[in-house]
Amino acid sequence: MKPLLILICVFVAGFGLYLYKHSHHRNLAADSEKLRATIQRIFQEAGKSPLSQNRLIKELKQRFHVNEKVALVLISRARREGIIKVEEGQVTLVEE
């Protein structure tokens, strides 16, 4: 009975962590103002435009504490929102 209880607790804890991580990543992609501000800050700190797509991915990974796949989703979201423009691996900030 005791090993079954431990197994159930481990399963519940793992499932809870999975749900937390999934909701955190979904909230990142939904918050376009935070994404816009972060990308603008990345360009300001770099002091140049355009940036390489690899550098933008690296910066998004560090700032949002996500993996490369989620960083690519964030870049895709920024493209659809009109925040950035990507051409031949070079990313430019779209001025409003």
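Student: Which side chains meet E59 or R63 in a salt bridge at 3.4 Å, N to O?
Tutor: In this predicted model, the side chains of E59 and R63 meet each other in a salt bridge, with an N to O distance of 3.4 Å.

Student: Where do E59 and R63 lie?
Tutor: Both residues lie in helix α3, where E59 and R63 are four residues apart, about one turn of the helix.

Student: And is E59 buried or exposed?
Tutor: E59 is buried, because its relative accessible area is 16%, and the cut-off for that label is under 20%. For R63 the value is 27%, so R63 counts as partly exposed.

Student: What else does R63 meet in a salt bridge, at 2.4 Å?
Tutor: The side chain of R63 also meets that of E45 in a salt bridge, and the N to O distance there is 2.4 Å.

Student: Is E45 buried or exposed, then?
Tutor: E45 counts as exposed, because its relative accessibility is 53% and the label applies over 50%. Taken together, E45, E59 and R63 are linked in a network of salt bridges.

Student: How many salt bridges turn up in the whole structure?
Tutor: A search of the whole structure finds four. One of them joins E87 to K85, whose closest N and O atoms are 3.2 Å apart. E87 is partly exposed, with a relative accessible area of 48%, and K85 is also partly exposed, at 45%.

Student: Which face of β2 do K85 and E87 belong to, covered or uncovered?
Tutor: K85 and E87 make up the uncovered face of β2, whereas I84 and V86 make up the covered one.

Student: Switching to the sheet: what is the strand order?
Tutor: The sheet is open and has three strands in the order β1-β3-β2, with antiparallel pairing. The edge strands are β1 (51–52) and β2 (84–87), each of which pairs on one side only.

Student: What packs on that sheet?
Tutor: Helix α2 (residues 32–46) packs on the sheet and touches β1, β2 and β3, while its direction makes about 105° with that of β3.

Student: How many bridges are there in each strand pairing?
Tutor: β1 and β3 (residues 90–93) pair in the antiparallel sense over two bridges, and four bridges join β2 to β3, which also run antiparallel. In terms of individual residues, the bridge partner of L51 in β3 is V91, and I84 has L93 as its bridge partner in β3.

Student: Last topic, the surface: which residues form the nonpolar patch?
Tutor: The patch is formed by M1, L4, L7, I8, F11, V12, F15, Y18 and L19, and together these residues have about 1000 Å² of accessible area.

Student: Where is F11 found, and is it buried or exposed?
Tutor: F11 is found in helix α1 (residues 2–30). F11 is exposed, because its relative accessible area is 60% and the cut-off for being called exposed is over 50%.

Definitions and conventions
Residues numbered from 1 in each chain as written. Predicted model: local features only at pLDDT ≥ 70, side-chain atom pairs only at ≥ 80, totals over all residues. Heavy atoms only, no water. Patch = residues over 30% accessible without salt bridge, like charges linked within 9 Å, V, L, I, M, F, W, Y side chains within 5 Å. Areas by Shrake-Rupley, 256 points an atom, 1.4 Å probe, with all protein chains shown as cover. Buried < 20%, exposed > 50% of the residue type's maximum accessible area, 1.4 Å probe, protein only. Pairing = 2+ DSSP bridges. Contact = heavy atoms within 4.5 Å. Axes fitted to C-alpha atoms, helices over the stretch in contact; angles between N-to-C directions.
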